[in-house]
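Reader: I have a chain open on my screen and would like to go through it piece by piece. Can we start with single residues and work up to the whole?

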Amino acid sequence: MTTSHHTAEDELVLNDPTHAEPLGHGNSPAAWTLVLLILAGTLLVGVGMLADLFVLIIAGVVVAAAGLIAGFIMGKAGKGTQGHAKPSRH
């Protein structure tokens with residue numbers, strides 16, 4: 001059984017859920033670093049609030065702020081998508 005696929009100008013397959021991610025979606029080392037550090041900071045803040053430990057809350061805020069700074073610096077250093085991700089060739 002053969003199936004014909006329609007492709008766009010950039011040779012990505014149209015109407016295929018495995019290729020549905022738009023360009024510039026943020027799938028970059030800078031974006032992953034930013035998100036992971038913010039999630040870790042949020043987790044620390046949440047645990048600190050539940051355990052009533054102000055030091056843990058402050059540590060979580062510092063980790064989240066470090067995530068924002070690291071993501072911004074990595075993006076400026078060329079580890080981000082700059083809004084135009086290069087499509088991967090499968």
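Reader: Where does serine 28 lie?
Author: Serine 28 sits in the segment before α1. Helices here are DSSP runs of H or I with at least four residues, strands are runs of E with at least two, and both are numbered from the N terminus. This is a predicted model: local features need pLDDT of at least 70, side-chain atom pairs count only at pLDDT 80 or more, and totals for chains, interfaces and linings use all residues. Residues are numbered from 1 along each chain as its sequence is written, and side-chain values use heavy atoms, with hydrogens and water left out.

Reader: Is serine 28 buried or exposed?
Author: Serine 28 counts as buried because its relative accessibility is 7%. Buried means under 20% relative accessible area, exposed means over 50%, and partly exposed is in between, with a 1.4 Å probe and protein chains only.

Reader: Which residues is serine 28 in contact with?
Author: Leaving aside neighbours within four places in sequence, serine 28 is in contact with Lys79, Gly80 and Thr81. Contact means heavy atoms within 4.5 Å.

Reader: And where is the place of glycine 80?
Author: Glycine 80 is in the segment after α2. Not counting residues up to four places away in sequence, glycine 80 touches Ser28, Ala30, Met74 and Gly75. The C-alpha atoms of glycine 80 and alanine 31 are 6.7 Å apart in space, while the two residues are 49 residues apart in sequence.

Reader: On to the helices. How many residues has α1?
Author: Helix α1 has 23 residues. From its first C-alpha to its last, α1 reaches 33 Å, close to the 33 Å expected at 1.5 Å a residue. The expected span is 1.5 Å times one less than the number of residues.

Reader: Which residues of α1 are buried?
Author: The buried residues of α1 are Ala30, Gly41 and Gly48. They pack against α2.

Reader: And the buried ones in α2? What covers them?
Author: In α2, residues 54–79, the buried residues are Gly60, Ala64, Gly67 and Gly71. Their cover includes α1, residues 29–51.

Reader: How do the axes of α1 and α2 cross?
Author: The two axes come within 7 Å and cross at roughly 175°. Axes are lines fitted to C-alpha atoms, for helices over the stretch in contact, and angles run from 0 to 180 degrees between N-to-C directions. That angle makes α1 roughly antiparallel to α2. The cut-offs are under 35 degrees for roughly parallel, over 145 for roughly antiparallel, 65 to 115 for roughly perpendicular, and oblique for the rest.

Reader: What classes of residue has the contact of α1 with α2?
Author: By class, that contact has 20 nonpolar, 7 polar and 1 charged residues. Ala, Val, Leu, Ile, Met, Phe, Trp, Tyr, Cys and Pro count as nonpolar, Asp, Glu, Lys and Arg as charged, and the others, Gly among them, as polar.

Reader: Give me one residue to look at. What does leucine 68 touch?
Author: Leucine 68 touches Leu34 and Ile38, not counting residues up to four places away in sequence. Leucine 68 is in helix α2 and is partly exposed, with a relative accessible area of 49%. The C-alpha atoms of leucine 68 and isoleucine 38 are separated by 7.4 Å, with the residues 30 residues apart along the chain.

Reader: Where is alanine 40 found?
Author: Alanine 40 is in helix α1, and at 32% relative accessibility it counts as partly exposed. Alanine 40 and glycine 67 are 9.1 Å apart, C-alpha to C-alpha, and 27 residues apart in sequence.

Reader: Now the loop. What phi does aspartate 52 have?
Author: Aspartate 52 has a positive phi of about 55° although it is not a glycine. Most residues other than glycine have a negative phi. Aspartate 52 is found in the loop between α1 and α2, and it is exposed, with a relative accessible area of 70%.

Reader: Last, the chain overall. How many helices and strands are there?
Author: The protein chain has 2 helices and 0 strands. Of its 90 residues, 14% count as buried. Among contacts with a separation of 6 or more, 55% are between residues 24 or more positions apart.
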